Amino acid sequence: MSTDLAIETTGLVKVFGENRAVDGVDLSVPAGMVYGLLGPNGAGKTTTVRMLATLLRPDGGQARVFGKDVRKDADAVRSRVSLTGQYASVDEDLTGAENLVLLGRLLGHSKPAARERAAQLLDAFGLSEAAEKQVKNYSGGMRRRIDIAASILNTPDLLFLDEPTTGLDPRSRNQVWDIVRAVVAQGTTVLLTTQYLDEADQLASRIAVIDHGKVIAEGTKGELKASVGSGAVHLRLRDPGRRPEAERVLAAALGADVLLDPDPVALTARVNGHGTEQGAAEQAARALAELARSGITVDNFALGQPSLDEVFLALTDKNDKNDKNDKKGTAV
Amino acid sequence: MSTATTTKSTKDMADLVLEAPRAEDLAALLVSKDRPPRPSALSASFTFGWRAMLKIKHVPEQLFDVTAFPIMMVLMYTYLFGGALAGSVSAYIQFLLPGILTMSVVMITMYTGVAVNTDITKGVFDRFRTLPIWRPAPMVGYLLGDVVRYFIASVVMLGVGMIIGYRPHGGPLGVVLGIALLMVFSFAFSWIWTMFGLLLRTEKSVMGVSMMVIFPLTFLSNVFVDPKTMPGWLQAFVNNSPVTHVATAVRELMVGNWPTADIAWSLGWAGLLVLVFGSVTMRLYNRK
């Protein structure tokens, strides 16, 4: 078993009644990076994290954290990981400082050492002023911070962050991102679950896309983007009568299908861009130039990243096609 | 009053200008990778006991059931039965107080189940369960905190009893020993409720089951009357009930006697309760 892997799972399964919440997940997470687990609500992300953090017993398959089995060697795993759950994993009745001192004591620090570490963390997280206030009165962003602070009382080797920015305003979200970057820069491996593609894009070096309890795609950001296209170009024309013509021009210029929006002047085309944002911008610019040459007036134009919906549609689409091909193969 | 405090602190919080986290300071804190050795079982349990104390400090309303309820119990039963059963209130309180003390504290233990049931669903328990500590520590700490609540209830009841005429002839030593025995038994008895707290899904069902267990167990005892007038089958139950043994032991200790058999029975029951319900609780806790 390679020790360079922070997490290694093979065929991990968790069943709740009829529901196969996690249905054969294989993951290899190299140590020292942010690894993104991307998927919609109910995809099995949280269940996977809970099994890896020794909170749930897997029903099938293997899961190892730094080479230690999560079932047989749970205590060894616990001593190296920290979990920041989806809901506040601190005691809301206690103050921020009390929470940190409590956990510091439970991690074996003496009272003075626990107090000192708590004060330092509160300071570094910009929470000194709220230290003596009960966590239930904290704002969403402050809760996230105290939660992450509680997770790094002892610098963990592996930190689980379960949807750390869900429900946060953009500024708080950016601050959480900065914290995650600082944590990983010191050598901690981070397993991040998220529903947001841009979050995975900002933080993660590798991403596994998970849906219905299965990993449907895995790779670096570049690899994933190349497989779904870097983005989409949205256009609004002045004259709805020219839309069929515009559709042909775009299809030819981008080499991709063009979607006609319900709005009679709008259309959307996927831009491949060879997997880079720069490539996508160049391709989109060329397509615009083609439209201008054909004399079609464009009122409005936007180039966006593919949304998570688009990534999923693209990936599940591909999966369905593969399934069909497989069936054909066996039939012949 | 409590709502006013909450509104005020929420407002304070909004006024607070939140500093941005400082990445450099954070990095400096993360550099140290050394971890202190894991705490001992005792130290971890006491830390959780401290958590329970902090919760009492922040939510003092939870002391209502260990102050108002015991006072009510003492006054109600003394004046209700006193004249009829013992001729006078002051005569009856001599007999009743140690018993009603036992009964009330055993009854109060059932709030443990409700508290565990609501607490366990909160995210903080996920964190506790991912810590490399002695597994039963959160539960033991919980119950240590509850012992403090039981102690408060005992002192309150003893105070009320003494105001209306109770005199413990065993002196301070007898009283301390009696209360100590009651605390040990109540700690052990509370494991029944931690089990139900983990087993049952809602607070209501925990409450319902608790009532079903606690009423027959505490009333069918020698707390109110001498069991001699009861039918034989009931005597058999009452004389062997752990609550009867504890009530007798506490009564005798406070009078200044040394009831060896009842003390042994009380401690034996306590050991058995911890062994059975403690291990079931831990099984449920590990699987939750």
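Biologist: How many bridges join strand 11 of chain A to strand 13 of chain A, and in which sense do they run?

Modeller: There are 6 bridges between strand 11 (residues 231–237) and strand 13 (residues 266–271) of chain A, and the two run antiparallel. Two strands pair if DSSP finds at least two bridges between them, so 6 bridges make this a pair. One example is A:Leu235, whose bridge partner in strand 13 of chain A is A:Leu267. Strand 11 of chain A is also joined by 6 bridges to strand 14 (residues 298–304) of chain A, again antiparallel, with A:Leu237 opposite A:Val298. Before we go on, this is a predicted model: local features need pLDDT of at least 70, side-chain atom pairs count only at pLDDT 80 or more, and totals for chains, interfaces and linings use all residues. Residues are numbered from 1 along each chain as its sequence is written, while chains are lettered from A and ligands numbered from 1 in the order in which they are written.

Biologist: Why is strand 11 of chain A called largely enclosed?

Modeller: A residue is buried if 20 or more other C-beta atoms, placed from the backbone, lie within 10 Å of its own, exposed if 12 or fewer, and partly exposed in between. In strand 11 of chain A, 5 of the 7 residues are buried, so the rest of the structure largely encloses this strand.

Biologist: How do you know whether A:Thr54 and A:His212 are buried, exposed or partly exposed?

Modeller: A:Thr54 has 23 other C-beta atoms within 10 Å, so it counts as buried. A:His212 has 16, which falls in between, so it is partly exposed. Phi of A:Thr54 is near 70°, a positive value in a residue other than glycine, and A:Thr54 sits in the loop between helix 1 and strand 4 of chain A. A:His212 takes a positive phi near 50° in the hairpin of strand 9 and strand 10 of chain A, which has 2 residues between the strands. Those strands pair in the antiparallel sense over 6 bridges, and A:Ile207 stands opposite A:Gly219.

Biologist: What makes strand 2 and strand 5 of chain A edge strands?

Modeller: Their sheet is open, with 4 strands in the order 2-1-4-5 and antiparallel pairing. Strand 2 (19–30) and strand 5 (68–69) of chain A each have a single partner strand, so one side of each has no neighbour in the sheet. Strand 1 (residues 5–16) and strand 2 of chain A share 9 bridges, and A:Val13 has A:Asp23 as its bridge partner.

Biologist: Which pair in chain A involves strand 6, and in what sense does it run?

Modeller: Strand 6 (residues 81–84) and strand 7 (residues 158–162) of chain A pair in the parallel sense over 4 bridges, with A:Leu83 opposite A:Phe160. From strand 6 of chain A, A:Val81 and A:Leu83 point one way and A:Ser82 and A:Thr84 the other, and all are buried.

Biologist: How many residues of chain B are in contact with chain A, and what counts as contact?

Modeller: Two residues are in contact if their C-beta atoms, placed from the backbone, lie within 7 Å. By that rule, 39 residues of chain B are in contact with 49 residues of chain A. The largest share of that side of chain B, 7 residues, comes from helix 2 of chain B.
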